[in-house]
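Happy to go through this one with you. Let's take the labels in turn and ask what stands behind each.

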Amino acid sequence: MNRRSGISLLDVVILILIVGIIAAILIPKTRLQKAEQSLVKCRAQMMAISDAMLKFYTTRGDTSLLNIGETGESEDTTAGAEAETTSTKEELKPHLFTDDTTLLRPYLPEEYSFTCPLDGDPYVIIVRDSIFYSISCPNGEHGQVIKGQATWNE
Ligand SMILES: [Zn+2]
């Protein structure tokens, strides 16, 4: 009986040690994988904002212009008339970048968040009229996109 209880205590100690060792091996690995996944997702999201920014710029925020060329609407009977309407629209609305996420929202997938998947911190979007824009992750190592160029590709 004495021996039995001694063994079971030893069993428990060994079990705790084994579980501890396995956890020590696995936890950093999954943590690393999670960090890696969120890095990849974060960068893809920043590129998506950059694409949305360029679409916003070329359409001057008018999402209906996104379909130009795809759907030949009945209005543009001649090429001349089309060019005329385009130039009129250009005069009315200058090309601008925007840091207003609600304006960029229509150019992004439905399930989209303007936050880093690692910790949910919002992206920092800096815009200077039609000259400059940058999208930065608050987690510095995730990088930033400056005028469509990703810093992690440099
Ligand atoms: Zn990030």
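The questions below concern a predicted model.

Q: Why does Arg 60 count as partly exposed?
A: Arg 60 has 14 C-beta neighbours inside 10 Å. Buried would take 20 or more and exposed 12 or fewer, so with 14 Arg 60 counts as partly exposed.

Q: What makes Lys 147 partly exposed?
A: The count for Lys 147 is 13 C-beta neighbours inside 10 Å. Since exposed means 12 or fewer and buried means 20 or more, Lys 147 is partly exposed. Lys 147 sits in the loop between strand 3 and strand 4, and its phi is positive, about 50°, although it is not a glycine.

Q: How do you know that strand 3 and strand 4 pair?
A: Pairing requires at least two bridges, and strand 3 (residues 144-146) and strand 4 have two, in the antiparallel sense. Across this pair, Ile 146 stands opposite Gln 149.

Q: Why do strand 1 and strand 4 stand at the edges?
A: Four strands form an open, antiparallel sheet in the order 1-2-3-4. Strand 1 (124-128) and strand 4 (149-150) each have a single partner strand, so one side of each is left without a neighbour in the sheet.

Methods. Residues are numbered from 1 along each chain as its sequence is written. This is a predicted model: local features need pLDDT of at least 70, side-chain atom pairs count only at pLDDT 80 or more; totals for chains, interfaces and linings use all residues.
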